[in-house]
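Dear colleague,

Please find the structure below. My notes on it follow.

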Amino acid sequence: MAAIDFKQVLTDSLALAKTEAGSAFNKIKPFAEHQFQQFAEDALFLANLKIKGIIDDEELKSRIQLQKLALSNVLLAIKGVGIVTAQNIVNGVLAIVATAVKGAIKVALPI
Amino acid sequence: MKNKIVIALFFSLSLVACFTVKFITGYDEVLDQTVNRMKTDFNVHFIKLARTIQDNDPNNQKFENFQDYYDHLEADLLTIKARTSILDGKAKIVKDQVEKLDSSFHVFIAMHKRGIPDRVGDDHHTDQNAINSSFDAVIFLQESLKTTGKPN
């Protein structure tokens, strides 16, 4: 029975994890930066309207509520993409292991 | 002894490798397409509304003048909420996102119903940004789920 090259499995798995995580980070970073910066600018703009007496408390409350809902949605998206990334890494590693098993003992695993 | 270890290892790996894991689902083509169209519709609506709050006519921005858009919006919100209601339990994040988008619109609608006055220096772009961010968040996750986020 041929042996599995565990060192190679580990190397391939780490390379896959690095690529997947890097790709996810490159997607999330510009999205998050843009959204967080916009949130900060818009919150400041609304605070200025209130200070200048242009809007009252009720209007400020509604418009900040819109900002909070938007930011929550952005954070949910980031969380979701993070979970998709973890899922891709786990499935990628499973595929690497299956390939190694098949190569070593000619058994195809049902992945 | 060595053979036993190899066999045990093989079965362990087989058990681990016997399935594809699914931590998150929630991609839905109708949801994806509807939300993208809703974003365009909203921005067309907002451009028209913004024009009315930057002139000297205090009546042209009234809610009633935009009833047609809001009727279509309510129908679209019903559609996307119905789509997410049939998604499985691993689609909770997508369901929560659609709930937040729905809540955002209800805050916006209530604000418009109360009245948006003509005002120099406040074109309500922060509200437009907020709604667009909610749309973008849903679209961003749908894009990521498109290849791997469908239920098994």
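In chain A, 75% of the contacts with a separation of 6 or more are between residues 24 or more positions apart; two residues are in contact if their C-beta atoms, placed from the backbone, lie within 7 Å. This is a predicted model, in which local features need pLDDT of at least 70 and side-chain atom pairs count only at pLDDT 80 or more, while totals for chains, interfaces and linings use all residues. Residues are numbered from 1 along each chain as its sequence is written, and chains are lettered from A and ligands numbered from 1 in the order in which they are written.

Chain A has two helices and zero strands (DSSP runs, H or I of at least four residues for helices and E of at least two for strands, numbered from the N terminus). Its C-alpha trace spans about 80 × 20 × 15 Å along the principal axes of chain A.

The contact between the chains takes 39 residues from chain A and 39 residues from chain B. On the chain B side, helices H1 (2-17), H4 (92-114) and H5 (125-148) each supply at least two residues, and H5(B) gives the largest share, 13 residues.

Within chain B, the axes of H3 (residues 67-85) and H4(B) come within 10 Å and cross at roughly 160° (lines fitted to C-alpha atoms over the stretch in contact, with angles from 0 to 180 degrees between N-to-C directions). H3(B) is therefore roughly antiparallel to H4(B) (an angle over 145 degrees). Among the residues making this contact are B:Leu73 and B:Leu77 of H3(B) and B:Val98 and B:Phe105 of H4(B).

Yours sincerely

Key
Angles under 35 degrees count as roughly parallel, over 145 as roughly antiparallel, 65 to 115 as roughly perpendicular and the rest as oblique.
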